[in-house]
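Notebook open, structure on screen.

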Amino acid sequence: MQLKTYLRIVRASAWYDLTVTIGFATPWSFALVHQCLSQLNSSLGIAGEFPAFAAAHVLMANLLGSIVTIWAVLRLRDTRIEYGRYDAAGRALFSMWQLYAVAHGASQIILAFTVVEIAFGIAQLLPVQKPGSN
């Protein structure tokens, strides 16, 4: 893959992360995201649940939202091959934990996010042709 194409993928994954996780960054925005996901899950009759969160659970969601938002902004401001490789590793971990959660009763809506995690992870692991090499 050409370097320019690879860096576009890294930026696209950063925009995706920013869009999907910024709502997790504060207790107030997370309450809205949680409510929307719960309603979507219920209205579509999807297996699994989005249970009510205690304060400690909200804290964990806020930490996730905060750090992923910062990580996304870093990749947008300073896009590098190395960041794409680290991001791929993070996506492998996120995918495993999402699958674990669904296997233990979490809403299957999470699987839609897992598909995106896996796709961006694979794309960011592909070999990159550096400029000047043939």
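For sorting lining residues, I count Ala, Val, Leu, Ile, Met, Phe, Trp, Tyr, Cys and Pro as nonpolar, Asp, Glu, Lys and Arg as charged, and the others, Gly among them, as polar. On that scheme the lining of the largest pocket splits into 23 nonpolar, seven polar and five charged residues.

Ground rules: this is a predicted model, where local features need pLDDT of at least 70, side-chain atom pairs count only at pLDDT 80 or more, and totals for chains, interfaces and linings use all residues. Residues are numbered from 1 along each chain as its sequence is written, and side-chain values use heavy atoms, with hydrogens and water left out.

**Pocket.** I looked up which residues lie nearest the centre of the largest pocket: they are Phe24, Leu64, Phe94, Gln98 and Ile110, out of 35 lining residues. (A pocket is an open set of points on a 1 Å grid over the protein atoms alone where a 1.4 Å probe fits, with protein on both sides within 12 Å along at least five of seven lines; lining residues have an atom within 4 Å of a point.) At least two lining residues come from each of α1 (3-21), α2 (27-44), α3 (55-77), α4 (81-103) and α5 (110-123); helices are DSSP runs (H or I, at least four residues), numbered from the N terminus.

**Rings.** I found four aromatic pairs in the structure. Phe24 and Phe30 have ring centres 5.4 Å apart and planes at 45°, so I log them as tilted. (Rings of Phe, Tyr and Trp, its six-membered ring, pair if their centres lie within 6.5 Å; under 30 degrees between planes is stacked, over 60 edge-to-face, the rest tilted.) Phe30 and Phe53 are tilted too, because their planes sit at 50°, with centres 5.1 Å apart. Phe30 is in α2 and Phe53 in the loop between α2 and α3, so this pair ties together parts 23 residues apart in sequence. Buried or partly exposed? Phe30 is buried at 5% relative accessible area, while Phe53 is partly exposed at 36%. (Buried is under 20%, exposed over 50%, partly exposed in between, using a 1.4 Å probe and protein chains only.)

Glu117, in α5, is buried at 8%. Beyond neighbours within four places in sequence, I see Glu117 in contact (heavy atoms within 4.5 Å) with Tyr16, Arg91, Phe94, Ser95 and Gln98. Asp87, in α4, is buried at 5%. Not counting residues up to four places away, Asp87 touches Ser13, Asp17, Trp71, Arg75 and Gln124.
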